[in-house]
Amino acid sequence: MILFMLFAVTTFNYADRAILSIAGTAMKGELGFDAVTMGFIFSAFSWAYVLGQLPGGWLLDRYGSKKIYAISIFIWSLFTLLQGGVHFLGALWAVPMLFMLRFMVGLAEAPSFPANGRIVAAWFPTSERGMASAIFNSAQYFATVLFAPLMAWITHAYGWSETFVVMGVAGLVMSMIWLRVIYSPKDHPRLGSAELAHIRDGGGLVEMDQGLSGGGAADAPKVNRGAKLAYLKQLLSNRMLAGVYLGQYCINTITYFFLTWFPIYLVQERGMSILKAGFIASLPAVCGFLGGVLGGLISDRLIKRGFSLTWARKIPIVAGLLLSTTMVLCNYVDTQWMVVGIMALAFFGKGVGALGWAVVADTSPKEIIGLTGSLFNMFGNIAGITAPIVIGYIIKETGNFEWALVYVGANALLAVISYLVIVKDIKRVVLKPLDDAEQPFKKLSGAETR
């Protein structure tokens, strides 16, 4: 049930990110956007998403995943709903208002994936995290499978603004369900002692959120500012993590191409209608979903067969990302079915290789797992800023998508190089002891507290 809820909420998360790609063609016609303007509007989400990562990680470590995630879902759904009203402002004000609302959606979604990583680290033993992480991460593909045809139909039948309203209301309902269903392992009313022991003995951090549900217990350890900076310095100077961050940036470049420009590519470059593009876009997403689940399954099977954690993660990552470079072949075919087939193959490979969150669960120091996940997500989602804008400029300058596909394929290749050359070993980071000025868990006496 916990994993199902992570999957469901992440599906809404990515669906709300992708609405603009489905409604974008209709919005461009009504509000007069060019490709560069659309690229900047696409990027608005990620500007805030990146800026919100470290504060989001701190909130998760301070108040726990359940409460912060529920607030996050509610707020991003509310701002999604409000985007449906920007057409009342006219073309002059619609662009800055749409940018601002997309910015607020990104800020509200910032804690979501670090929270996913925390919950997986708490609920799953090491040998099951690859599959668990792959399943919640594969929700990004399922979001397209489920919602792209629905959003395309709503846009075609009723208009683009109604798409935002429907998705916003559905998200508000989901935030209420989340509060009723999610618990930490030691608090769950239906978790037996045998299962709890299985999780704990296998490496699950079952006590991660103890004492945080009420906003921090009186005796909960407080991490001071100096300690946070010292910890961040240690994380940023770690070679393995640097390679993982670079790899995730490149992988997310592929993700944001599919989330933003891919449906527009099908309409503008391949001559499909908005309705057809919405349905066609779901086919590569099905392959991405299957690849995502398969990548996690392969990785966990390799661990159980005696492979080291390093190679159990690297083998599917490298093989999958090499496969995703095949999208460049779309520049050399003309028929629609071949384009869709090649994109489906590329998206399948990207799904197999998208094991970054499993690596985060494997490597994060247990003291600051929320902050570590946020740092990883921050670097990865800089791609959400750069990719839409770079692709927008490429399209404006060249008049087509050919070099845009080369740019995305090159990022897949760079991710492979990062995991093979920079990331030598995948193992949990052990934080170095801090000096007295940086001690994060200094307990005050009664007199000092007063």
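Visitor: Are H3 and H4 parallel or oblique to each other?

Guide: This is a predicted model, in which local features need pLDDT of at least 70, side-chain atom pairs count only at pLDDT 80 or more, and totals for chains, interfaces and linings use all residues. Residues are numbered from 1 along each chain as its sequence is written, and side-chain values use heavy atoms, with hydrogens and water left out.

Guide: Two packed helices are described by the angle between their axes and the distance between the axes. Axes are lines fitted to C-alpha atoms, for helices over the stretch in contact, and angles run from 0 to 180 degrees between N-to-C directions. Angles under 35 degrees count as roughly parallel, over 145 as roughly antiparallel, 65 to 115 as roughly perpendicular and the rest as oblique. Helix H3 (residues 53–63) and helix H4 (residues 65–82) pack at about 135°, with their axes 7 Å apart; H3 and H4 are therefore oblique to each other. Leu59, Leu60 and Tyr63 of H3 make the contact with Ser65, Lys67 and Ile68 of H4, where contact means heavy atoms within 4.5 Å.

Visitor: How many helices and strands does the chain have?

Guide: Helices (H or I, at least four residues) and strands (E, at least two) are DSSP runs, numbered from the N terminus. The chain has 20 helices and 0 strands.

Visitor: At what angle do H12 and H18 pack?

Guide: The angle between H12 and helix H18 (residues 383–398) is about 60°, and their axes are 8 Å apart. That makes H12 oblique to H18. The residues that meet include Tyr249, Phe257 and Trp261 in H12, and Ala383, Pro388 and Ile395 in H18.

Visitor: What kind of aromatic pair do phenylalanine 7 and phenylalanine 289 form?

Guide: A pair of aromatic rings is described by the distance of the centres and the angle of the planes. Rings of Phe, Tyr and Trp (its six-membered ring) pair if their centres lie within 6.5 Å; planes under 30 degrees apart count as stacked, over 60 as edge-to-face and the rest as tilted. A search of the whole structure finds 17 aromatic pairs. Phenylalanine 7 and phenylalanine 289 are edge-to-face, at 6.0 Å centre to centre with 70° between the planes. This pair links distant parts of the chain, 282 residues apart: phenylalanine 7 is in helix H1 (residues 2–31) and phenylalanine 289 in helix H13 (residues 274–304).

Visitor: Does phenylalanine 7 count as buried or exposed?

Guide: Buried means under 20% relative accessible area, exposed over 50%, partly exposed in between (1.4 Å probe, protein chains only). Phenylalanine 7, at 13% relative accessibility, counts as buried, whereas phenylalanine 289, at 23%, counts as partly exposed.

Visitor: Why is the pair of phenylalanine 262 and tyrosine 265 stacked?

Guide: The ring centres of phenylalanine 262 and tyrosine 265 are 6.3 Å apart and their planes are at 20°, so the pair is stacked. Both residues lie in helix H12 (residues 239–268), 3 residues apart, about one turn of the helix. Phenylalanine 262 counts as buried at 3% relative accessibility, and tyrosine 265 at 1%. Ring pairs link Phe257, Phe258, Trp261, Phe262, Tyr265, Phe347 and Phe401 into a cluster.

Visitor: Which residues does phenylalanine 79 touch?

Guide: Leaving out residues up to four places away in sequence, phenylalanine 79 touches Leu101, Met104 and Val105. Phenylalanine 79 is in helix H4 and counts as buried at 17% relative accessibility.
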